[in-house]
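Here is a brief report to read alongside the sequence and the 3D view.

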Amino acid sequence: MTTLVAPIRQSFTLNRDSLAAGFFVLLGAIEIAVFGVFAHAGHATFQLSISGSGTQIPDIKVPAALVCYVVGGLSVVIGFWRGIAEPSPRLKRLAIGTVITFFLAALLCWADAGNQTAVNLISLVQQSFTASIPLVFGALAGCMCERSGVINIAIEGQLLVGAFTGAIIASAIGSLWIGLISSSIAAGLLGLLLAVFAITFLVDQIILGVVLNVLALGITGFLYDRLMVPNANLNAGNSFSAVKLPLLGNIPIIGPIFFDSTIFLYIAYILIIVIQIGLFSTRWGLRVRAVGEHPTAADTLGLRVLWIRYRNVVLGGMVAGIGGAFLTIGSVGFFNKDISSGFGFIALAAMIFGRWTPLGSVAAALLFGVADSLAIVLSSLNVPIPSNFLLMTPYLATIVAVVGLVGKVRAPAADGKPYVKA
Amino acid sequence: MSDQLTPAAPEAAKPDPADDGGKPRPRLTGKVIIEAILEGSPVVITILAVFMALVISALLIVFSDNNVLHAWGDFFSAPGAALALTWHSIATAYSALFEGAIFSPATIGAAFHGGSIAAIFYPLSLTAFEATPLILTGLSVAIAFRAGLFNIGASGQFVGGACVAAWIGFAVHLPVVIHIVACVLGALVGGAILGWVVGELKARTGAHEVIITIMLNYVMYNLLNFLLSSTNFLQQPGQSNQIAPPIQQNAIFPHVGGPPPQANVGFLVALAAVAGVAWLLSRSTIGFEFRTVGANPRAARSAGMSVERSWALVMLISGGLAGLAASTIIQGGGPPPPLNPNTYGTYGFDGITVALLGRARPVGVLLAGLLFGALQAGGTVMQAATNPQVPVDIVEVIQGLIVLFVAAPPLIRAIFRLRAARGTGMEAVAKGWNG
């Protein structure tokens with residue numbers, strides 16, 4: 001069995017540790033030689049509170065070039081440390097996080113130096129969260145399916161169906177909550193379709209996912225033109241408003257970021273914890289992973305392989321449906337053709353980038369969300385980096401990850417292989 | 001589930017038999033035909049799949065029609081009216097679909113009364129026009145499929161080809177025929193480079209081509225957006241929209257009949273590509289290697305073939321074909337308008353459905369491309385001819401359903417009570433991320 005990254009031609013013999021170290025040093029060098037040297041003279045200003053709400057915190061003014069030099073130097077040091085010492089996996093992750101944060105800090109300092117407008121860090125993080133919510137749900141759905149051994153490329157279609165159902169039911173019945181529940185159910189039904197064809201009819205799951213996406217795009221587009229365009233009241237545009245949690249929401253900085261958002265962010269918190277703990281610390285999770293890694297062994301031990309797969313694929317679909325609902329009744333309110341516009345595929349990338357673990361996927365989804373909101377902020381600061389290049393980085397990062405430059409990315413062993421009882 | 005009586009497993013496990021292998025074909029007698037129908041041969045399955053897709057789509061059309069639903073509400077007082085309206089709703093839609101795609105009896109009547117004879121063939125010309133890019137992207141996916149690779153990146157490769165073709169089309173000045181050829185070759189190269197990158201990455205690192213191609217699609221969409229937002233690259237000067245300048249008259253494909261969209265030289269390019277791929281797969285050494293690698297990479301390796309070289313090469317060709325598809329759009333003479341962020345449309349993903357319906361055989365792809373092209377051409381006419389409108393999106397639904405049913409022959413057999421047959425191809429390809 002070849003693995004996802006099994007080197008077939010042994011031409012990449014570079015050591016992963018030295019590569020990571022080199023990458024860190026490179027980022028540090030960019031921070032110093034590009035951002036530091038080319039920063040306009042003056043200060044970069046960061047706002048830490050949203051004007052007109054909650055506790056006001058004075059803005060932070062920092063000398064832009066100096067910050068770039070300092071974080072650049074620190075990054076280089078971390079890079080050398082990473083190359084020499086042999087840190088534990090936890091420290092390695094911490095190092096990656098720190099270096100990326102430093103890079104973002106230097107980037108923002110350089111962008112804002114000498115600029116009249118301040119960068120509002122709170123709204124930047126809020127936007128990143130908002131941008132990553134559909135990705136988080138999609139990636140969690142992917143984890144649910146693929147850990148049990150069924151490839152789910154139809155996340156995109158499930159998001160789309162969820163978005164459509166949420167909008168139309170919420171408008172027709174007038175209850176956002178019923179809209180949310182029905183989008184979860186509708187996407188779960190699409191998951192059931194995936195399960196029937198993948199598990200019972202043994203259709204190739206990648207083909208199946210692509211076809212289901214085409215189908216979802218067609219059906220929602222058809223019904224949009226047929227039902228929503230003639231009857232505007234079926235696409236009324238209602239959406240959940242932000243709910244500020246009592247007490248927690250009033251904490252400066254943390255409150256507006258984590259505890260002042262729509263219900264979807266809170267559902268996401270719960271699902272992330274439940275799925276992470278469920279998959280890795282409960283009997284249910286052990287069984288799911290056993291079925292995804294070695295169905296024959298699991299079957300021998302008396303697990304009902306097909307039933308477990310069915311259940312997980314349907315549940316995964318339901319999770320994706322909530323993410324879909326976010327696209328309509330969680331944000332803009334209105335449904336539009338192809339409103340998911342590739343979120344499902346980015347979610348897939350996040351799941352792979354996060355190595356098929358819920359927490360990893362969420363971290364990756366956040367990173368992709370940051371790239372998205374940075375693109376908006378930087379273009380408002382008239383920075384000479386085309387926003388398209390920022391938007392491209394998640395995809396390039398994923399390619400780099402699967403090609404095997406950054407750590408080993410390996411799918412569950414039986415992922416995508418239908419199980420036929422011998 | 002009585003496993004002892006009917007051993008179903010060998011059917012799924014049997015590898016796709018390499019076609020055109022020297023066994024003599026049975027003569028087409030009546031008995032053979034009946035046998036094929038009862039057993040659900042691939043052709044029969046495909047026809048039944050198309051039928052099922054049309055039936056389900058008809059249901060979708062009916063149950064989203066307010067008038068029909070109201071009539072059904074009064075079913076017990078006026079059952080005839082409900083049935084008549086239902087029939088009317090389906091019949092109007094599908095006859096408009098047919099008239100838009102194949103031919104319309106009205107044009108024949110008009111021709112007798114001094115109307116234009118060309119109008120009779122206009123629907124067919126439109127079908128050929130719509131089918132052209134689908135055939136090419138379908139071939140792109142199909143040839144990779146034969147070598148065991150799943151190219152979801154036809155969309156990105158299409159963008160690569162489109163950028164090069166558009167740039168050569170508006171920025172370079174060349175004489176008539178040479179300019180056309182230059183654009184076509186440019187598109188071929190643009191797509192081929194992207195395809196080759198995928199193949200080479202897979203060959204060198206073993207990374208799954210599906211993941212790389214999905215990601216490259218989005219990289220290319222963003223790159224296209226970037227190139228179209230600067231007049232230094234592809235944006236038309238003086239435009240605030242993201243759109244490239246129209247390409248020069250010299251680079252536009254000659255076409256038949258009245259103003260485009262009409263069948264043009266691009267269709268000949270597509271036919272040539274079908275012939276070329278058919279020859280490559282069944283007559284050349286490289287094609288034999290592709291098929292062997294696709295059927296069993298380990299056997300291919302022990303036979304001394306370079307699996308990695310085949311992967312890189314087949315993706316190069318696959319990408320080139322997707323690039324060619326772009327050239328037929330860019331040089332089609334419009335509509336659609338010059339290169340813009342929506343030009344790639346759904347051609348890449350439609351190519352997957354075309355390749356699957358055509359069972360990854362060149363001639364199959366040609367037929368599937370024509371069918372989907374006809375649906376596309378007819379769908380536009382249908383949307384205009386029906387009231388309340390039947391949106392053209394129904395075509396996407398029909399395509400998806402057809403492929404879904406084709407991919408699951410056991411389902412079709414169960415619905416139509418057909419006997420289980422020997423392996424019919426599609427079931428064999430299931431494989432996971434781990435290769």
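## A buried asparagine in chain A

A:Asn312 is buried, because its relative accessible area is 0% (buried means under 20%, exposed over 50%, partly exposed in between, with a 1.4 Å probe and protein chains only). A:Asn312 sits in helix H12 (residues 305-332) of chain A. Helices here are DSSP runs of H or I with at least four residues, strands are runs of E with at least two, and both are numbered from the N terminus.

Which residues touch A:Asn312, leaving aside its neighbours within four places in sequence? They are A:Met144, A:Cys145, A:Ser148, A:Trp284 and A:Val288. Contact means heavy atoms within 4.5 Å.

## Basis of the model

This is a predicted model, in which local features need pLDDT of at least 70 and side-chain atom pairs count only at pLDDT 80 or more, while totals for chains, interfaces and linings use all residues. Residues are numbered from 1 along each chain as its sequence is written, chains are lettered from A and ligands numbered from 1 in the order written, and side-chain values use heavy atoms, without hydrogens and water.

## Chain B overall

Chain B has 18 helices and zero strands. Of its 435 residues, 54% count as buried. Among contacts in chain B with a separation of 6 or more, 72% join residues 24 or more positions apart.

Chain B exposes about 18800 Å². Carbon and sulfur atoms supply 69% of that area. Accessible areas come from the Shrake-Rupley method with a 1.4 Å probe, and for residues only the protein chains shown count as cover.

## H7 and H11 of chain B

Helix H7 (residues 118-146) of chain B and helix H11 (residues 265-283) of chain B have axes that come within 8 Å and cross at roughly 20°. H7(B) and H11(B) are therefore roughly parallel to each other (angles under 35 degrees are roughly parallel, over 145 roughly antiparallel, 65 to 115 roughly perpendicular, the rest oblique). Axes are lines fitted to C-alpha atoms, for helices over the stretch in contact, and angles run from 0 to 180 degrees between N-to-C directions.

The residues in contact include B:Ile135 and B:Leu139 of H7(B), and B:Ala273 and B:Val277 of H11(B).

## H15 and H17 of chain B

Helix H15 (residues 347-357) of chain B packs on helix H17 (residues 394-407) of chain B at about 40°, with axes 9 Å apart. H15(B) and H17(B) are therefore oblique to each other.

B:Asp350, B:Thr353, B:Leu356 and B:Leu357 in H15(B) meet B:Glu396, B:Gln399, B:Ile402, B:Val403 and B:Val406 in H17(B).
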